[in-house]
Amino acid sequence: MLKVNLPKRVLHIVSSMGRGGAETLIMNIYRNIDRREVQFDFITHSYDIEDYDQEIKEMGGKIYNIPSLGTIGPFQYMKKLMAIMSDSGYVAIHAHTDYQSGIPALAAKMCGIENRICHSHSNNWLKQHGFKDKLMLKGLQAIIKYSATKLCSCSEEAANFIFGTSKVSILKNGIDINDYIETEPNNRKSVLKELHLSEDTKVIGHVGRFSESKNQLFIIKVLKKLVEEDSRFVAILVGEGPLREKMEVEAEQLGLLGHIRFLGVRTDIPRLMNAFDVFLFPSLFEGFGIVMLEAQSSGTPCVAATSVPKSTDMGLGLVKYLHLNEHIDLWCEGIKTSLLIDKPNTHFIINNISQLGFNIQSNLNDWLRLYGIRNIEVTQS
């Protein structure tokens, strides 16, 4: 009988497969692996049709939707995880659910899966840091320590938050830089035309889920001040989320609707990044912030909160960090100063980002080694 070599399968556990930073990172890896050799499947906690679902299925991946840990409790959650893991022959599971990632790792351990990776993508959380919260975090860290075979993180800050002093591999958030190097000189002009904006518009860009941690209300406050000084300022906000409607109401109350474009979820992020004059990123916390890498790959200056890891600076002279407690005038001044920065040349951008290890071609095999897979060649999707 002819033996058929099936691809080795890796199971990722995520909240959903919308266009968040961690999800985009996973998809960057997925698109570039040789899927004849390795396949990704996903457990998600969303029953909605998410942004990457169709692409995953087209590339041969499976998606299992189950209720979240908080919805059904640990015992039922473990039961559903084990039902998926027990008969599927996975070589590895990779949990991206931060402090809850030990639960899938424990289920995988009970199913005999050899490689169990817990991955920290955050350096903080929105819960209060009271005694009960700290106790719960300690308990979840203990489950991770017992269940995981490998710990990885997108930054030192995220590693320390979830895993404490344990040995952690920093797994860099690579992107395909060539997607962001502007090849079409009319990108900016076409975006401005699409959004009915004049060519002398000063564009503040932001890409992120509308949530408390991304702090888009701060962007609106900064924009209000800038517009009072110069009516050419406009903010382009890309993304969806539970707080979008609140942002729209706030913009209307401040008389800023003519100076804001809410674009929702977009598939042309490189094109938009090339149209921004400044990328504004005032997050309350970030594990890394892959959009900062995307902006710099486009040659776009960035003004970010000091709560964003310093490892997001690619050494291109494009990034300014400011504390969120600084006066709003200082943020406005930082944006206006950033408008004067010349775009670095393409070679400088590619060279710096590649040397720092954030080119997807450079770190792909670091991911595969986590799963016990070696010497798989990169394939272009």
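Let's start with helix H8, where Gln216, Phe218, Ile219, Ile220, Val222, Leu223, Leu226 and Val227 are buried. Keep in mind as you look around that this is a predicted model. H8 covers residues 216-229, so count 14 residues along it, and its first and last C-alpha atoms lie 21 Å apart, close to the 20 Å expected at 1.5 Å a residue. What do the buried residues of H8 pack against? Their partners are strand S8 (202-207), strand S9 (233-238), helix H9 (244-253), strand S10 (260-264), strand S11 (278-281) and helix H12 (328-338).

Now turn to helix H3, residues 69-85, for a contrasting case. H3 has 17 residues, and a straight helix would reach 24 Å at 1.5 Å a residue, but the end C-alpha atoms of H3 are only 16 Å apart.

Across the whole structure, a search finds eight aromatic pairs. A pair of this kind is described by two values, the distance of the ring centres and the angle of the planes. Take phenylalanine 40 and tyrosine 371: their ring centres are 6.2 Å apart and their planes stand at 90°, so this pair is edge-to-face. The two partners come from distant parts of the chain, 331 residues apart, with phenylalanine 40 in strand S2 (residues 38-44) and tyrosine 371 in the segment after helix H14 (360-370). Phenylalanine 40 counts as buried because its relative accessibility is 0%, below the 20% cut-off. Tyrosine 371, at 1%, counts as buried too. Both belong to one aromatic cluster, made up of Tyr30, Phe40, Phe42 and Tyr371.

How are the rings of phenylalanine 276 and phenylalanine 279 arranged? Their centres are 6.5 Å apart and their planes are at 25°, so the pair is stacked. Phenylalanine 276 is buried at 5% relative accessibility, and phenylalanine 279 is buried at 0%.

Lysine 109 lies over the face of tyrosine 146, at 3.7 Å from the ring centre. In another spot, the charged end of lysine 310 sits over the ring of tyrosine 321, 4.8 Å from its centre.

Key:
Residues are numbered from 1 along each chain as its sequence is written. This is a predicted model: local features need pLDDT of at least 70, side-chain atom pairs count only at pLDDT 80 or more; totals for chains, interfaces and linings use all residues. Side-chain values use heavy atoms; hydrogens and water are left out. Rings of Phe, Tyr and Trp (its six-membered ring) pair if their centres lie within 6.5 Å; planes under 30 degrees apart count as stacked, over 60 as edge-to-face and the rest as tilted. Helices (H or I, at least four residues) and strands (E, at least two) are DSSP runs, numbered from the N terminus. Buried means under 20% relative accessible area, exposed over 50%, partly exposed in between (1.4 Å probe, protein chains only). A charge sits over a ring if NZ of Lys or CZ of Arg is within 6 Å of the ring centre and within 35 degrees of the ring normal. Contact means heavy atoms within 4.5 Å.
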